[in-house]
Each structure stands twice: as structure tokens, then as C-alpha cells.
Amino acid sequence: MSGEGKGRFLVAAAIAASLALVGAYLAAGGASYEPAKTQDPCKPRPWTEPEGLQEIAQQFSLSALDGAACELGVSRETLARALATPQSRERFMQRYGIDDAKLARAIRAGLLRAISDAERAGALNPLLAAPLRATVRQIPVDQAIELIKDARSLLNNLESFLGPAGGLIEQFLP
Amino acid sequence: MSPPRPRLTALAVAVALVLADSSIVVLALPQIYRDLDTSVAGVTWVLISFNLVMALAAVPAAHLARRIGPGRAAAIGLAVFAGAGLACGLSTELSTLIAARCVQALGGALAVTAVLELLPATVGSERRAVAIWATAGAAGAALGPAVGGLLTELVSWQSIFLLQAPLAIAAGVPVLAVARHEAATGVISTELRRTGRPHLLANLALALVSAAIAAALFLLVLLLIEGWRLSPIGAAIVVSAMPLAALLGARVGPAMGSERARAAAGAILVSGGLGGLALLPHAEVALTVPPQILVGLGLALVLSALTETALAGRAPQAIHGGWTISARHAGVAIGLIVLTPLFTADLAQQRNDALDASTAVVLDSKVEPLLKLQLAQRIEERLEGERGKVPTLGPAFEPLPEDPATRADVILLREELQDQLDRAATHAFSPSFGLGALIGLLALIPIGLARRVDL
């Protein structure tokens with residue numbers, strides 16, 4: 001092969017090898033190998049027919065997180081990490097310029113959305129929803145945050161939140 | 001004077017040693033980053049400073065070498081390089097390390113350009129001298145990261161610099177005979193004809209392709225160590241695929257057509273390899289090997305071909321060699337300056353995306369609510385403890401629950417989280433690898449123009 005022919009062969013081989021590699025990696029999913037995208041917390045998330053108190057409580061917590069995160073303009077996941085400890089909550093509030101009143105509003109809005117979602121999904125009797133809403137509007141923010149963390153205490157022991165009438169209507173829980 | 005064989009070996013070692021220094025600390029950067037308590041952007045200046053000073057000093061150093069004599073210049077250059085290497089190894093602060101690296105680059109620039117003046121007399125042929133000089137430089141640049149990684153893991157990052165001192169002095173011993181001869185006889189001007197300006201297009205292509213090669217080496221090492229959490233020795237073994245391919249390319253390259261064809265093929269291979277690294281389909285070490293082979297073959301072809309083109313028919317060799325050194329190191333420095341902010345911003349973004357994706361996996365998992373919240377809390381703690389890096393979340397799951405069903409759920413969750421982190425770390429580097437590939441392809445423009453424009 002002449003010098004020029006060798007040169008052409010070399011360039012053609014380089015192009016072929018490069019295209020083969022890039023093509024193979026693209027075909028194997030190289031363009032879509034990235035972390036999963038988080039969902040918009042403002043969009044409704046379907047409840048997956050929960051069974052039992054624990055699953056209802058999980059769905060309730062997630063709905064409440066979505067509602068509060070939507071109100072604050074952050075992802076549900078960022079808020080979940082922020083609410084883990086008082087220190088993480090403080091860091092989060094500083095980072096996003098959120099004061100106590102704004103956080104309290106958002107947390108309550110989240111709980112109200114969770115009550116509505118639970119009601120819509122048939123997981124919460126409408127008779128319970130109204131007094132729960134009234135309770136959520138009044139409780140201190142720290143207690144509201146604890147409810148998001150573990151809604152079982154709310155759903156399992158309504159009497160402590162709603163007074164004696166709560167005990168009567170607990171039987172309406174599915 | 002020394003007989004040619006030991007002197008030739010010493011001169012080739014001197015060139016390889018100096019040019020390896022542009023990349024030898026790549027694998028040590030994470031360790032330096034932790035030891036000297038600095039930032040990712042700050043630690044890259046350990047690399048950038050050396051390359052920037054080499055780029056600025058190479059041509060003036062070549063003039064100085066011709067003025068004082070290449071033997072004397074090489075001896076002084078290697079002595080300065082060795083002394084500054086000791087200072088680097090003894091540095092306890094980033095500022096002193098960077099300052100010492102600048103002095104090291106000054107000595108290196110003087111040594112490497114002077115060697116190019118000494119080589120023709122040693123090997124008896126200007127063309128062969130250029131080929132040896134270019135190959136030694138490419139081999140040094142390619143081998144640097146692997147050697148640096150091994151030393152970092154087995155001894156310390158300081159040992160990289162401390163070991164260079166005796167090597168530089170050993171390489172300088174045969175040169176001293178030439179220096180003594182020059183002192184006795186006066187400086188002999190070996191080449192007075194000037195046959196043209198620097199080869200602008202070849203040097204421009206060298207700068208572009210060097211920026212792309214720096215991207216491949218630097219980013220791959222950071223991906224392996226910081227992203228996939230390999231040890232420096234593990235990363236050194238992985239990135240040794242690149243110099244092995246480069247050695248193969250250096251052997252077969254010269255017989256494979258004209259300098260222009262080799263340069264074009266080399267630039268395409270470097271870009272193709274970088275394109276592969278930008279599109280890694282999984283966080284698998286083995287998947288980095290084919291792209292590395294392309295980059296290694298490509299760098300051997302393109303660096304030697306462009307260096308030979310830049311020097312062919314031009315004199316004095318030291319001055320034109322100085323221009324090629326300047327172009328190569330300017331390319332590396334500019335590549336790092338451009339890519340560092342891009343990839344550190346991507347890394348920070350991907351770190352947040354990874355944490356969100358990981359938290360989403362935890363929130364949507366089957367584990368019970370209180371355990372979820374404990375895990376979310378531990379993820380937050382890991383995040384705060386990792387200072388801007390993609391965190392290692394494995395310890396957040398210790399100890400595993402005793403209940404077999406919950407334990408199985410948590411193990412599954414840990415695997416899903418690990419997958420999300422690997423995806424985030426790998427994806428964070430993709431735009432920078434892609435930009436590197438684009439820069440490599442841009443080198444084809446001056447390579448193509450070099451046929452029509454005689455510069």
C-alpha cells in the first residue's frame with residue numbers, strides 16, 4: 001500500500017472505530033444513564049389503594065410532604081431531609097430564606113392537602129375530615145411536623161387530637 | 001564526554017520526566033485535596049500552574065538555552081526541577097505547593113528545550129532526534145498518571161515529587177559532561193539559519209488536542225476516585241490502559257502514513273474515546289477501557305505527528321521545540337481552566353439530584369415510616385459530612401435491621417440508592433467529556449488547513 005493509501009486507511013479506521021464505540025454505548029443506553037428525576041410536588045400523586053393503618057399513614061405523610069413542598073417551591077425529597085432534625089430544618093430555612101411563619105403555613109397546607117387526598121381516595125371518612133382540618137389549623141408547627149413524620153399517631157389516636165368526639169368517630173375509619 | 005547510549009537514555013528520561021509532570025499528580029489530587037484542606041477548584045491549580053508556567057516559559061527558556069549553551073541549560077534546568085520537586089514534596093500548604101510547581105515548570109522548560117538541542121549531536125540525525133524527543137514526551141505524559149497513582153497509594157502524594165529529585169539528578173549527570181565541554185570551549189552556535197516562523201497550524205492543533213487529552217486523563221481519574229470511589233492504586237491500574245495503548249500507537253504509528261494523516265486519525269481517535277467516556281452506559285470500570293484505548297492510540301499518533309510537523313525543516317530546533325511545548329501546555333492549562341468550573345458545577349448539581357433521587361427511593365420504598373425517616377436523617381448527615389462531593393451513603397444503612405423481611409427491604413433499598421449515586425456521578429462528568437471530544441475534533445480544522453496553508 002502506498003503512503004497516501006496507508007494514510008487514508010488510517011483515517012478511515014479511526015473514524016470507524018470512533019463511530020463503533022459511540023454507537024455501541026448509545027445503543028446500550030449511554031444517553032439516558034442519569035439519576036431518576038423527582039416529581040413535581042404540586043402535581044397530584046395517586047394513592048395506591050392502601051391497606052391498613054400503616055399504609056394509609058405512609059400515603060398521608062407523602063401527600064402532606066408534597067403539599068408543603070409545593071407551597072415552599074422545593075422538592076418533596078428536599079423537604080423530607082430538611083424535616084429530619086431541628087438542625088437540618090434550621091439549615092434548610094436559612095438556605096431557602098424561609099421564616100417560621102412561612103414554614104408553619106406550608107406544613108399546615110401540606111397536612112390539609114393530605115386530608116383532602118385521603119378523603120378523595122376513600123381512606124378517610126368525610127365525617128372525620130372536617131374536624132381534622134380544624135385541628136390541623138390550630139396545632140403548633142412542631143406538632144404538625146411530627147404528624148407529617150408519623151401520621152399514625154394522628155390516625156390511630158384521634159381522641160387525643162379531637163377530644164372525646166374523636167373516639168366516637170374513629171369507628172368510621174376504613 | 002559521555003558515550004552516546006547512556007547520554008541518549010538520560011536525555012530521553014529527562015524529557016519524559018518533565019513532561020510526565022504535567023499529568024503525574026492527577027491521581028494524587030484527591031489526596032492533596034483532603035490533606036491540604038482545599039477545594040476541588042483550588043487543587044486543580046497544582047496541575048494548571050505547572051502547565052501555565054511551562055507554556056509561558058518554554059520559548060524564552062529555549063532562547064536562554066541557546067545563549068548559555070544547551071548542556072549548561074539542561075544541567076541548570078534539571079537541578080532547578082529537582083530542587084523545586086523537593087520543595088513540592090515538603091509543602092504543607094496549597095500556596096507553597098503551587099509556588100514550587102511554578103519553579104519546577106521553569107526548570108523543566110529550560111531542561112526540555114535544551115535537550116532538543118543536544119539530541120541531534122547524540123543520535124546523529126535531526127529527524128531521529130525529533131522523533132525520540134516527541135515519543136519520550138508522549139510516553140511521559142501518558143505514563144504519568146499511572147505512576148503517580150501507584151506512588152500515592154503505596155507511599156504518599158509527596159513521594160511523587162521527592163522521587164523526581166534523584167531521577168532528575170541522575171538524568172543530569174551525563175549532561176554535565178557536555179556543560180563542562182561548553183565551559184571549556186565556549187558556547188558553540190550549532191544552528192544559525194532561521195527558516196521560518198513557528199508552524200502556527202501545527203501548534204494550534206497541538207494545543208487543542210492537548211486540551212482534549214488533559215480532559216480525558218483528569219476527568220477520568222476524578223470519575224474513578226471521586227465518583228466511583230476507587231482507591232488511587234485501583235484507578236492507576238484502570239488508567240494504565242491509556243499509556244499501554246499509547247505505547248502500541250508509538251510503535252506502529254510512524255509506519256502508518258504521512259504526518260498529516262496520523263495527526264488527523266489521532267485527533268479523531270482521541271475525540272471518539274472522549275465521546276465514549278461521555279456516553280458510558282453503566283458505572284462499570286471495564287467500560288472505560290475501550291475509550292481509553294482509543295485515546296491512548298490517538299494521543300501517540302497525534303502528538304508525535306504534530307510535533308514532527310511543527311519542527312520539520314525549521315531551525316533552531318530548541319526554539320521551535322519550545323513553541324510545541326508552549327502549545328501543548330497552554331492547551332492543557334486552558335482545557336483545565338475551562339473544564340474545571342463546568343464539571344464542578346455539574347458535580348454539585350448531580351450531587352443534589354442524586355440526593356433527591358435517593359430520598360425519593362427511600363420515601364417510595366416498602367420500609368416502615370419511622371425507618372424511612374431515620375434513613376432520611378442519616379442521608380442528611382452524610383450529605384453534611386461530605387463537603388461538596390457525591391456522598392457515600394452505604395454507612396447510612398448500618399446496622400441493618402434484624403427482622404429478615406425488613407432487612408431484605410433495606411438491602412434492596414441500599415442497592416437502588418447505590419445505583420442512583422453511580423448514575424449521578426457518571427452523568428456529572430458527561431458534559432465535560434463531551435466538551436473535550438468537541439475540542440479534540442476542532443483540532444481537525446488546523447490539521448486540514450495545514451495542507452493548503454504553508455505557515
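Modeller: Chain A has 10 helices and 0 strands, where helices (H or I, at least four residues) and strands (E, at least two) are DSSP runs, numbered from the N terminus. Read from the N terminus, the elements of chain A follow the order α-α-α-α-α-α-α-α-α-α. This is a predicted model, in which local features need pLDDT of at least 70 and side-chain atom pairs count only at pLDDT 80 or more, while totals for chains, interfaces and linings use all residues. Residues are numbered from 1 along each chain as its sequence is written, and chains are lettered from A and ligands numbered from 1 in the order in which they are written.

Chain A has 174 residues, of which 37% count as buried; a residue is buried if 20 or more other C-beta atoms lie within 10 Å of its own, exposed if 12 or fewer, and partly exposed in between, with C-beta atoms placed from the backbone. Two residues are in contact if their C-beta atoms, placed from the backbone, lie within 7 Å, and among the contacts in chain A with a separation of 6 or more, 68% join residues 24 or more positions apart.

Next comes the place where the chains meet. The contact draws 37 residues from chain A and 40 residues from chain B. On the side of chain B that touches chain A, at least two residues each come from helix 12 (259-278), helix 13 (289-311), helix 14 (317-363), helix 15 (369-385) and helix 16 (404-442) of chain B. Helix 12 of chain B gives the largest share of that side, 10 residues. Sorted by class, the side of chain B that touches chain A holds 22 nonpolar, 12 polar and 6 charged residues, where Ala, Val, Leu, Ile, Met, Phe, Trp, Tyr, Cys and Pro count as nonpolar, Asp, Glu, Lys and Arg as charged, and the others, Gly among them, as polar.

Helix 13 has 23 residues and reaches 33 Å from its first C-alpha to its last, close to the 33 Å expected at 1.5 Å a residue, the expected span being 1.5 Å times one less than the number of residues. In helix 13 of chain B, 22 of the 23 residues are buried, so this helix is largely enclosed by the rest of the structure. Just after helix 13, B:G313 takes a positive phi of about 70°.

B:A131, which lies in helix 7 of chain B, counts as partly exposed because it has 19 C-beta neighbours inside 10 Å. Not counting residues up to four places away in sequence, B:A131 touches B:S304 and B:E308. B:A131 and B:T307 are 176 residues apart in sequence, yet 8.4 Å apart in space, C-alpha to C-alpha.

The last topic is the core. A nonpolar core is a set of buried Ala, Val, Leu, Ile, Met, Phe, Trp, Tyr and Cys residues joined through C-beta atoms within 7 Å. The largest nonpolar core has 215 residues, and those touching the most other members are B:A14, B:V15, B:V115, B:A205 and B:V221. Helix 9 (residues 200-227) of chain B gives the most to this core, with 23 residues. Domain 1 (3-31) and domain 2 (52-172) of chain A both give residues to this core, so it lies between them; these bounds come from an automatic or database domain assignment. Leaving aside neighbours within four places in sequence, B:V115 is in contact with B:L11, B:A14, B:V15, B:A74 and B:W133.
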